[in-house]
Amino acid sequence: MRIQLLPSTFDANGHATQDQRLTCFLIDDCVAVDAGSIAIALTNEQRSSVRDIIVTHPHMDHIASLPIFIDDLYPVLHQPMRVYATPEVISLLERDVFNWNVYPRFSELHNDFGPVMEYIPIPIGEPFKVAHLTVTAVPVNHIVPTVGLIVSDGKKSVAFSSDTAETEEFWRKLNEAQHIDALLIEASFPNRMAELAEVSRHFTPASLGEELKKLNTTVSTSWPCTSSRRTAKRSSNSSTR
Ligand SMILES: [Zn+2]
C-alpha cells in the first residue's frame, strides 16, 4: 500500500512547501481520503485514476477542492466520482457545499457519459469496499460528525484518525485489530494553544502523547508537530508495503 499526503502550499518556484493547510491522502494512486488539496496536487495520471473519495468530515480543509476537482473533470468523466461518507456528512455536503449556491449539486448532473457524482453512504463499524481496499469507519470526537478510518489492502492495514480529540471507539477498534501497520494522526495545535485545541477538538503534542497511551498495539505513528496549527498537519509522504 502506498500512501501519499498531497501538498497544498507551494513556493514562488512552484515547489511544495512544508506548510500543510489542506488534508488529502492518496492511496495507491486511486483512492483519496479527504479532498482538501485533491484538485491542486495530483499528477495527470492520478487525475485520470482517482474516482473514489472518502470524506471523513465536511470541514473546509478536508473538502476544499472537492467541487473543483469534479468541475475540472466534468466533461471527461466516464463514470461518476464516487464520494463515500456517512449519511450525516453527505447531508452536510449537500446542505452547505453542493447546494446550487456555493456549487452545483453535481449528484443531480450528467455529462455525455452519465452521472458525474455519486454519494455512497458508508456504515459505521462495518467493513465496506472502496476499489481494492476494505475500509472500516469509526466515529471520533470532533465538533462535527467525523470518522476515523481503518484501511486494508489485504496485506497491510493503516489507520487514519482524521480530526479528533480524546476518543475511545477508535482506539478500541485498533486494539481489537490483529495488526495495524501504521497510524496517521495529528497534533493540530502547539501545547501553548491547548485551550483552542480543546474547544475545537484537536490534539496538542501533549494531549496526543497522553491519548496514544490508549493504544495497546505497536504501530508506526506519524504525528509531526510544529508551532502553528496548519504546519502541524504536515506529514512527509509515506508508504508501507
Ligand atoms: Zn475538522
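Modeller: Happy to. A residue is called buried if 20 or more other C-beta atoms lie within 10 Å of its own, exposed if 12 or fewer, and partly exposed in between, with C-beta atoms placed from the backbone. Helices (H or I, at least four residues) and strands (E, at least two) are DSSP runs, numbered from the N terminus. Residues are numbered from 1 along each chain as its sequence is written. This is a predicted model, so to speak of local features I need pLDDT of at least 70, and side-chain atom pairs count only at pLDDT 80 or more, while totals for chains, interfaces and linings use all residues.

Let's settle on β12. Ser 157 and Ala 159 point one way from this strand, Val 158 and Phe 160 point the other way, and all of them are buried.

Now for the partners of β12. Two strands count as paired if DSSP finds at least two bridges between them. β12 pairs with β11 in the antiparallel sense, over four bridges, and Ile 150 has Ala 159 in β12 as its bridge partner. The hairpin that β11 and β12 form has four residues between the strands, and there Gly 154 takes a positive phi near 95°. With β13 (residues 182-184), β12 pairs in the parallel sense over three bridges; here Val 158 has Ala 182 of β13 as its bridge partner. To get from β12 to β13 the chain passes through α6, and this β-α-β crossover is right-handed, meaning that, with the strands pointing away from the viewer, the path from the first strand over the helix to the second runs clockwise.

That brings us to α6 itself (residues 169-176), whose buried residues are Phe 170, Trp 171 and Leu 174. They line one face of the helix, because they fall within an arc of 95° when seen down the axis of α6; the arc is that of the directions from the helix axis to the C-beta atoms.

Among contacts with a separation of 6 or more, 57% join residues 24 or more positions apart.

A word on confidence: pLDDT is the predictor's confidence in each residue, from 0 to 100. The mean for the protein is 90, with 90% of residues at 70 or more. Over residues 223-241, however, pLDDT stays under 50, although the model has 47 contacts beyond four places in sequence for them. Where pLDDT is low, predicted coordinates should not be read in detail.

Conventions
Two residues are in contact if their C-beta atoms, placed from the backbone, lie within 7 Å.
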